Amino acid sequence: MGKNAKMIISRELRLAEIDPYLYGSFIEHLGRAVYGGIYEPGHPEADSNGFRLDVIKLIRELGVPITRYPGGNFVSNYHWEDGVGKDRTARLDLAWRSTEPNTFGINEFTEWCKVAGTDALMTVNLGTRGVTDVCNLLEYCNHPGGSKYSDLRISHGFKKPHDIKAWCLGNEMDGPWQIGHKTAGEYGRLAAETAKAMRLIDPEIKLVACGSSNAGMPTFPQWEADVLEHTYEYVDYISLHQYIKKQDGDTTDFLAQTDSMDSFIHTVAAVCDYTKAKQRGKKDIKLSFDEWNVWYHSNSADDETMKLHPWGVAPRLLEDNYTFEDALVAGLILITLLKNSDRVKIACLAQLVNVIAPIMTEPGGAALRQTIFYPFSHASRFGRGTALAPILTSTKHDTKSFEGVNDIEAIATYDADADTITIFAVNRDLNDSIPLECDVRDFGDCRIIEHITLESDDLQAVNGFPHGETVRPSSSGESSIDNGRLNAVLKKASWNVIRLGAK
Ligand code: AHR
C-alpha cells in the first residue's frame with residue numbers, strides 16, 4: 001500500500017475550545033519592526049499618529065487578537081519612562097546594539113492596538129529593573145487616577161486607563177545573552193514578588209512566567225520546575241519559545257522539526273502538572289508559546305551589522321525573506337499548536353512586521369505578504385471554535401534527526417457559530433501526492449466549501465521587493481465527499497485548508 005493518511009472526526013471527540021489568543025503576534029523594538037514598520041510618520045499611507053494603515057490592513061487580514069510588546073531581548077534594559085510624555089530620550093539598546101529614539105512608546109502602542117484591533121501582551125523589564133519599576137508601569141497603565149503614575153498618564157493626555165490585562169514577567173531570563181540574566185532561583189523569587197505586588201495593583205491581570213528560551217537550553221526543564229516552585233501560586237501561564245532553522249540544506253529534516261515542538265509542549269505541561277501536584281494546587285498552569293517562527297536566513301548579516309555598524313536607528317535586522325518551504329513549516333507549527341490547544345492558550349508568531357515577519361515594508365513604499373503570511377491567516381480566520389481530537393493515522397518516514405514522522409500532519413476544527421469544519425493539513429512528502437481520507441459522518445450531510453492550497457514547484461520561491469508576491473494560495477485543491485467520507489489529494493509539499501459545511 002502506498003503512502004496515505006486517514007482521519008476520523010466527530011462532534012463528540014473534542015480536544016479543546018481554541019483560545020483566540022492562539023493567533024497572537026509580537027512587535028519588539030528591534031530593527032524596522034516599529035520604526036519603518038508599523039510606525040512611519042510622513043509615509044503616504046500613515047494616519048495622523050504615524051501608523052501605517054497599509055500595514056494595519058494586512059494585520060487585520062492576518063487576524064491578530066493579541067500583540068506582545070516591547071520585547072524580546074530589548075525589554076531587559078528598557079526604561080519605559082523614556083517613551084512617554086513630551087521629552088523623549090534616545091538610549092542605547094544593548095540587546096540589538098542599536099539606538100532607540102523612544103519616539104514610539106507605551107501610549108503610542110496602546111493607541112496603535114486600537115487601530116489594529118489587537119489586545120496588548122505587555123512584557124516587563126526583569127533584567128535590569130525590578131518590583132518598583134514594574135509596579136510604576138502597571139500603575140501608569142491601569143490605575144484610574146489619583147496617584148503619581150496614573151496622574152502622569154492623565155497629564156500625557158490619556159484620561160482612561162489603558163487597562164492592559166496580560167503581562168509577561170520578563171523575557172528569556174534563562175539565556176546568558178539576556179541583559180540581567182538570572183539563575184532559575186533568582187528569577188523565580190523576583191517573578192513571584194513582582195507578580196504578588198502587581199496583583200495588589202490590579203487583581204484582574206493575567207501573568208506569564210518565563211520558561212526556557214528553547215528546549216535545547218542546558219537548564220531545560222529544571223528551569224521550569226524551579227521557576228514554578230516559586231511562582232505557581234502567582235502566575236497563570238509559563239512561556240515557551242522556539243525558532244526552527246533549516247540545517248545542512250536538508251528540507252525533509254526541516255519539515256520534521258515540529259515534532260520536537262510537540263514534545264517540548266508535552267514536557268512543559270508535565271512539569272506544570274508535577275508542580276500542581278507537589279503544591280497540592282488547584283489550578284492548571286497554561287502555556288504561552290509567545291515566540292515561534294522559522295528564523296535563520298538573516299543570521300550572518302545580522303552578526304555583521306551589530307558587530308561592524310552598531311548603534312544605528314532602526315537598522316535592517318532579522319529581515320528573513322521567507323521561502324515557500326518556510327511557509328510549510330509555519331503551517332506545521334500552527335497544526336502543532338492546535339493539536340495542543342488544550343494546554344497552549346496564548347501563542348505569538350514572532351514577529352509581525354519586517355523582523356522575522358509575515359509582513360515586509362519598504363520605507364516610503366509598499367507593504368507585502370511574505371510566504372508565511374498565508375498559513376497564519378488561514379489558521380487565524382478558519383481555525384476558530386473547537387479543536388477536534390486529532391485521530392490521524394499516516395504512513396511515516398525517518399529523517400536525519402527524527403524517527404516515525406507522519407507523511408501527512410493534520411488537525412480539524414469545528415466552528416459551531418458558522419457550522420463549518422476546517423481541516424488543516426501539510427503533505428511533508430517532497431515528491432508524491434498523498435491521499436487523505438477523512439470520516440466526517442458524524443457531522444451529517446456535508447459539502448466542500450473550498451479546498452485552499454499553497455503549493456509551488458520551487459521550494460525556495462520567495463515573495464519580496466521588487467518582484468512582489470509569487471507564492472500565493474489558490475482554491476484549486478482536489479477533494480470530493482461521498483456518504484460522509486472525504487477524499488482529498490494532498491499535492492507534494494503542500495499546505496491545505498479544506499472547509500466543509502452543511503449541505
Ligand atoms: O524574536 C527575536 C528574539 O528572539 C527576541 O528578542 C528574543 O526573545 C528571542 O531570543
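This is a short tour of the structure above, stop by stop.

**Before you start.** The model is predicted: local features need pLDDT of at least 70, side-chain atom pairs count only at pLDDT 80 or more, and totals for chains, interfaces and linings use all residues. Residues are numbered from 1 along each chain as its sequence is written, and side-chain values use heavy atoms, with hydrogens and water left out.

**Stop 1: the whole chain.** Show the chain as a cartoon. There are eleven helices and 25 strands. Helices (H or I, at least four residues) and strands (E, at least two) are DSSP runs, numbered from the N terminus. The radius of gyration is 23 Å, close to the 23 Å that the globule rule gives for 503 residues, so the chain is as compact as a globular protein of that length. That radius is taken over C-alpha atoms, and the globule rule is 2.2 Å times the number of residues to the power 0.38. Along its principal axes, the C-alpha trace spans about 70 × 60 × 45 Å.

Now colour by burial. Of the 503 residues, 59% count as buried. Buried means under 20% relative accessible area, exposed over 50%, and partly exposed in between (1.4 Å probe, protein chains only).

Switch to the surface. The accessible surface comes to about 18900 Å², and 51% of it belongs to carbon and sulfur atoms. Areas come from the Shrake-Rupley method with a 1.4 Å probe; for residues, only the protein chains shown count as cover.

**Stop 2: strand β12.** Select residues 344-349. Six of the six residues of β12 are buried. Two strands pair if DSSP finds at least two bridges between them. Look for G24, whose bridge partner in β12 is C348. Four bridges join β11 to β12, and the two run parallel. Here W292 has L349 of β12 as its bridge partner.

**Stop 3: strand β7.** Select residues 119-123. Four of these five residues are buried, so β7 is largely enclosed by the rest of the structure. Bring in β4, residues 66-69, which runs parallel to β7 and is joined to it by four bridges. I66 stands opposite D119 of β7. Then bring in β8, residues 166-169, parallel to β7 and joined to it by three bridges. T123 stands opposite C168 of β8.

**Stop 4: helix α11.** Select residues 373-382. Nine of the ten residues are buried, so α11 is largely enclosed by the rest of the structure. Among the buried ones are F373, Y374, F376, H378 and F382. Keep F382 on screen for the next stop.

**Stop 5: T413.** This residue lies in strand β19, residues 408-415. T413 is buried, with a relative accessible area of 0%. Show its contacts (heavy atoms within 4.5 Å). Leaving aside neighbours within four places in sequence, T413 touches F382, along with others including I18, L338, R384, L388 and F424.

**Stop 6: D445.** Move to the loop between β21 (434-439) and β22 (446-454), where D445 lies. At 53% relative accessibility, D445 counts as exposed. Which residues is D445 in contact with, leaving aside its neighbours within four places in sequence? They are G501, A502 and K503. Finish with a distance label: D445 and K503 are 58 residues apart in sequence, yet 5.8 Å apart in space, C-alpha to C-alpha.
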